[in-house]
Amino acid sequence: MKISVVTVVRNNVEHIAETIRSVLDQNYPELEYIVIDGASTDGTVDVVRSFGDRIAQFVSEPDRSLYDAMNKGIARATGDVVGMINSGDRYLPGALELVAKSFAGHSLDDTIFWGDVQYEFLGRVKGFRPHNLKRGAFAPHPSMFVPKRIYDRIGVYDISLRFLGDYDFMYRAINHHGLKPLYVPELVAFYREGGLSDRNIVPCLKDELTVKLRYGQSPLIARTVYMLKLIKNLRRILLANR
């Protein structure tokens, strides 16, 4: 199975090499690695280029958003399956081999892989929880691997959603198109907290509400959950706005 991995980065010279090494050190034989840079000015481009032709495709140019950059990577991918690991995050050893073995015997027409993710401070976050599907709870994005033909069929990330385009894709894939989760309770990736979504909790919750209403969730339930999450995250919101 050929696996394409896409890394999106902009001005993250401190962590980009760690992310790249975590992909290349998988030593997976059929890997296509694509790095999409948003016209970085801090030395990130030089770090990426230092890996030479071990990176199959490298693009450095302005983009409209994080999800626009991701979509560029998906458009360039030629693998059977596509994984996304953003700069600052990293795959754990054996992740790609686990993905390939897990897909064996499953259709690439209607199946999406999720695993578990180790958060920097929060700890281990489990992947798919079936009882949470209808209310819209999904596994962390770094653990998701999607067959390319699914992206071709149902579309990629909605760039009108600045913070939760990945959430929209997951919700649409499972609850609208009826695709099947292939969940393996193994650690796949490390997630470095403090990124874009962690710094914008309220906008993220608003995007989540937009997605739920877009795909037909009860407005009463969706808005009630939104308010409860605002209350639950009040301390984090106040700290982020200091």
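Contact here means heavy atoms within 4.5 Å.

**View 1. Overall fold and contacts of the predicted model.** In this predicted model, the secondary structure of the protein comes to 9 helices and 9 strands. When contacts between residues at least 6 apart in sequence are considered, 76% of them join residues at least 24 apart.

**View 2. Dimensions of the C-alpha trace.** Along its principal axes the C-alpha trace of the protein spans about 50 × 45 × 30 Å. The radius of gyration of the protein is 17 Å, which agrees with the value near 18 Å that a compact globule of 242 residues would have.

**View 3. Surface and interior of the protein.** Of the 242 residues in the protein, 53% are buried, while the accessible surface comes to about 11,600 Å², with 52% of that area belonging to carbon and sulfur atoms. The protein carries 32 positive and 28 negative side chains, and a separation of 7 Å lies between the centres of these two sets.

**View 4. Helix α1 and the elements that cover it.** Helix α1, formed by residues 16-24, is mostly covered, with 7 of its 9 residues buried. The buried residues in α1 are I16, A17, T19, I20, S22, V23 and L24. What covers these buried residues of α1 includes the strands β1 (3-9), β2 (31-37) and β5 (90-91), together with the helix α2 (44-49).

Technical notes: Residues are numbered from 1 along each chain as its sequence is written. This is a predicted model: local features need pLDDT of at least 70, side-chain atom pairs count only at pLDDT 80 or more; totals for chains, interfaces and linings use all residues. Side-chain values use heavy atoms; hydrogens and water are left out. Helices (H or I, at least four residues) and strands (E, at least two) are DSSP runs, numbered from the N terminus. The radius of gyration is taken over C-alpha atoms; the globule rule is 2.2 Å times the number of residues to the power 0.38. Buried means under 20% relative accessible area, exposed over 50%, partly exposed in between (1.4 Å probe, protein chains only). Accessible areas come from the Shrake-Rupley method with a 1.4 Å probe; for residues, only the protein chains shown count as cover. Lys and Arg count as positive and Asp and Glu as negative; His and the chain ends are not counted. The place of a charge is taken as NZ of Lys, CZ of Arg, CG of Asp or CD of Glu.
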